[in-house]
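Please look through the sequence and the structure shown below before reading on. The report that follows goes through a few of the parts in turn, beginning with the terms it needs.

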Amino acid sequence: MPDARSAVPSFESPAPSGQPAAPVGPVRPGPAAKAALAPAAAEVRGGFWSTRRRVNGGTSIPQGPGLLESAGNLNNLRVVAGLAEGEFQGGYPFVDSDVYKWLEAASWQLAGRAPEEDGPLAAEVERIVSLVADAQQPDGYLNTWFQLLKGGERYQNLRWSHELYCAGHLIQAGVAHHRATGRRELLDVAVRFADHIDSVFGPPGSGKPIDGVDGHPEVETALVELYRETGERRYLDLAGYFVDRFGHGLLGGEAYCQDRVPLREATDVEGHAVRQLYLLAAATDLATENGDAELRAVTERLWAAMTAAKTHLTGGLGAHHEEEDFGDPYELPNERAYCETCAAIASIQWSWRMALLTGETRYGDLIERTLFNGFLAGVSLDGERWLYVNPLQVRDGHTDPGGDQSARRTRWFRCACCPPNVMRLLASLEHYLASSDGSGLQIHQYVTGRYTGELDGTPVAVSAETDYPWQGTIAFTVEETPADRPWTLSLRIPQWCGTYRVRCADTVYDRTDAPVTDGWLRLERTWAPGDRVVLELSLAPRLTAADPRVDAVRGCVAIERGPLVYCLEGVDHPGGGLDDIVLDPGVPLADAHRPDLLGGVTTVTAAGHRRPRAENGWWPYAPAEAQAPATDPAPVELTAVPYYAWANRQDGSMRVWLPTL
């Protein structure tokens with residue numbers, strides 16, 4: 001096979017000096033982004049997310065190559081490269097993307113590390129990058145499904161082919177590898193593929209052979225990031241072309257693949273949840289880079305519609321198993337909730353872009369909720385098993401169908417999009433925590449670590465110590481600051497938080513007098529190294545009710561504590577299961593930390609009862625006036641654990657929403 005690497009473009013990254021090597025790196029926000037923020041450097045040094053990232057880096061990511069080998073993904077590349085003989089393995093046209101997501105995850109894991117720290121991982125990355133480069137065709141095209149099964153056929157079924165989707169993940173991996181390690185082998189592959197796409201796709205009258213879009217958006221965000229990395233404006237323009245061609249019937253006019261209505265005219269999120277959110281993430285990137293006020297208004301409108309009527313309490317998205325899509329407004333089922341792990345990841349990626357574009361805290365609120373609940377439930381505590389779907393209830397006696405849509409944690413999936421997606425988000429999590437602008441440093445998410453921003457070239461940095469989310473105290477210490485210039489440290493006050501207090505120097509603020517606007521607690525002063533700020537957020541457990549239009553949970557409540565959603569598991573309630581339990585909301589909730597349970601969690605206890613089962617024979621319905629007594633008089637102590645930790649002890653029943661007495 002001819003060497004596809006013979007002609008390598010030359011460029012220098014335009015990223016401004018001091019900007020962190022983040023997954024999202026705006027170059028020059030346009031006028032629509034009047035409050036736009038730049039990603040700030042952050043470092044997780046301990047606490048909750050340090051543990052999750054350590055498992056990700058020590059277990060999940062290292063096992064990736066072996067799993068990709070056993071599933072056939074890597075062998076497909078070998079066969080295409082002429083390094084082995086065999087047939088295509090994997091069953092789907094998008095299996096290459098799992099390799100690219102793993103490469104992105106591994107690249108972020110290598111960022112800032114000395115070679116001796118991750119030598120084996122670096123060697124694996126180098127090996128697989130070389131394999132990808134060997135498999136690329138001379139004109140830049142690469143997709144093992146089409147190269148092995150379809151006799152080289154290209155772009156003939158864009159609704160399902162995922163060719164540009166796979167290209168997008170390859171481009172994102174190339175950008176991540178370059179930003180994290182300084183190496184450009186994978187970026188060169190990505191550039192060649194992007195150049196090939198640019199030579200093939202374009203609007204009518206452009207002289208290019210195909211006017212079309214991929215049925216699964218993804219390449220659009222990748223092209224924006226490639227523009228940010230290379231300075232090549234045509235990549236940004238190509239992303240804009242793709243975004244604006246959805247909704248014009250090129251994919252049959254189906255909502256499933258975002259083709260029912262042009263994005264700029266849309267009033268609600270619809271169709272396949274991941275596809276919708278990836279498209280909206282790209283639209284937000286374009287609004288940021290181009291100063292497109294209309295596109296910004298669209299993203300704000302659709303985000304508000306999604307959160308108001310189509311988002312589960314956990315931050316999970318997707319109502320239907322059949323097409324992995326959004327349902328109608330307030331159609332939020334429990335046991336049939338889809339809430340794909342990839343949709344949670346897409347939500348975080350989109351909301352982060354919205355936070356940078358607008359400067360508003362509501363996007364950080366949803367990121368926090370989704371991170372701790374809808375996202376984190378997707379991976380087991382040991383980092384070796386996964387959930388593709390994340391229901392909010394598993395009934396007593398549940399018969400699990402197995403497969404990708406199982407309610408049981410699984411080692412790997414036939415459609416393995418979620419595991420490497422989890423890996424790449426956890427590996428890059430530090431880049432979703434803080435931002436900076438001309439006024440100072442904004443802290444979006446609370447971790448033990450260090451946050452670093454920039455004021456016109458002058459660094460500002462604060463460290464933080466916290467046992468969040470188990471404790472609500474976050475102590476900040478100023479480490480770097482200009483000596484003679486005031487700046488603002490902005491702390492997000494979570495939407496769920498009813499009571500808080502902050503101590504800054506000799507001043508103590510509470511909710512009644514703290515300088516909070518739009519969700520930000522803004523502390524402006526001329527700081528000195530060693531200055532301390534202590535934020536105290538009340539984490540008292542609480543009961544939450546849904547909008548009454550959510551029929552599936554009418555008359556029910558959920559238990560929350562801080563950013564965490566809680567659930568009951570059958571393993572903690574022997575002797576009758578969960579389907580007959582009702583909660584007594586008149587009895588106060590109590591919490592206690594259990595270092596011996598599920599890696600160390602705070603549990604919440606509540607009072608409840610079991611409903612007696614009526615003896616109705618073969619028919620489960622009866623006149624309303626003949627119903628059995630509401631509950632057994634004997635109380636039952638209910639023990640709730642964080643939702644993210646469910647299904648880590650044994651398979652069994654689980655529920656988030658509880659009927660009330």
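## Terms and basis

Two strands are said to pair if DSSP finds at least two bridges between them. Helices (H or I, at least four residues) and strands (E, at least two) are DSSP runs, numbered from the N terminus. The model is predicted, and for that reason local features need pLDDT of at least 70 and side-chain atom pairs count only at pLDDT 80 or more, while totals for chains, interfaces and linings use all residues. Residues are numbered from 1 along each chain as its sequence is written, and side-chain values use heavy atoms, with hydrogens and water left out.

Six strands make up an open sheet of mixed pairing, in the order 1-4-5-9-13-12. Strand 1 (38-39) and strand 12 (516-517) are at the edges and have a single partner strand each, so one side of each is left without a neighbour in the sheet. Strand 1 is joined by two bridges to strand 4 (residues 434-437), and these two run antiparallel; the bridge partner of P39 in strand 4 is S435. Strands of a sheet pair through backbone hydrogen bonds, either parallel or antiparallel.

In the loop between strand 12 and strand 13 (520-525) lies D518, whose phi is near 55 degrees, a positive value in a residue other than glycine.

Strand 17 (residues 564-569) is mostly covered, with six of its six residues buried. L564, Y566 and L568 point one way from the strand, whereas V565, C567 and E569 point the other way, and all are buried.

Strand 17 runs antiparallel to strand 16 (residues 556-561), to which two bridges join it, and E560 stands opposite V565. The hairpin of strand 16 and strand 17 has two residues between the strands, and in this hairpin G562 takes a positive phi near 60 degrees. Three bridges join strand 17 to strand 21 (residues 635-642), again in an antiparallel arrangement, with P642 in strand 21 as the bridge partner of Y566. Strand 22 (residues 654-655) is also antiparallel to strand 17 and is joined to it by two bridges, and here M654 stands opposite E569.

## Two buried residues

N373 has its place in helix 14 (residues 361-375), and it counts as buried because its relative accessibility is 0%. Leaving aside residues up to four places away in sequence, N373 touches T314, P563, L564, V565 and Y643 (contact means heavy atoms within 4.5 Å). Among these, L564 and V565 point opposite ways from strand 17.

Q445 is found in the loop between strand 5 (440-443) and strand 6 (448-455), and at 5% relative accessibility Q445 counts as buried. With residues up to four places away in sequence again left out, Q445 touches G364, I367, E368, Y432, L433, Y451 and R492. Q445 and E430 are 15 residues apart in sequence, and their C-alpha atoms are 9.6 Å apart in space.

## Helix 9 and the helices it packs against

Helix 9 (residues 219-230) and helix 11 (residues 273-290) pack at an angle of about 30 degrees with their axes 8 Å apart, where axes are lines fitted to C-alpha atoms, for helices over the stretch in contact, and angles run from 0 to 180 degrees between N-to-C directions. From helix 9, E220, T221, V224, Y227 and R228 meet Y278, A281, A282, D285, L286, T288 and E289 in helix 11.

Helix 8 (residues 185-200) and helix 9 pack at an angle of about 120 degrees, with their axes 11 Å apart, and that makes helix 8 oblique to helix 9. This contact is made by L187, A190, V191, A194 and I197 of helix 8 and by V219, L223, L226, E229 and T230 of helix 9.

## Two further backbone features

A cis peptide bond, with omega about 10 degrees, joins Y468 and P469, and P469 has its place in the loop between strand 7 (458-466) and strand 8 (473-480). Q258, in the loop between helix 10 (233-245) and helix 11, has a positive phi of about 65 degrees although it is not a glycine, and at 7% relative accessibility Q258 counts as buried.

Key: Buried means under 20% relative accessible area, exposed over 50%, partly exposed in between (1.4 Å probe, protein chains only). Angles under 35 degrees count as roughly parallel, over 145 as roughly antiparallel, 65 to 115 as roughly perpendicular and the rest as oblique.
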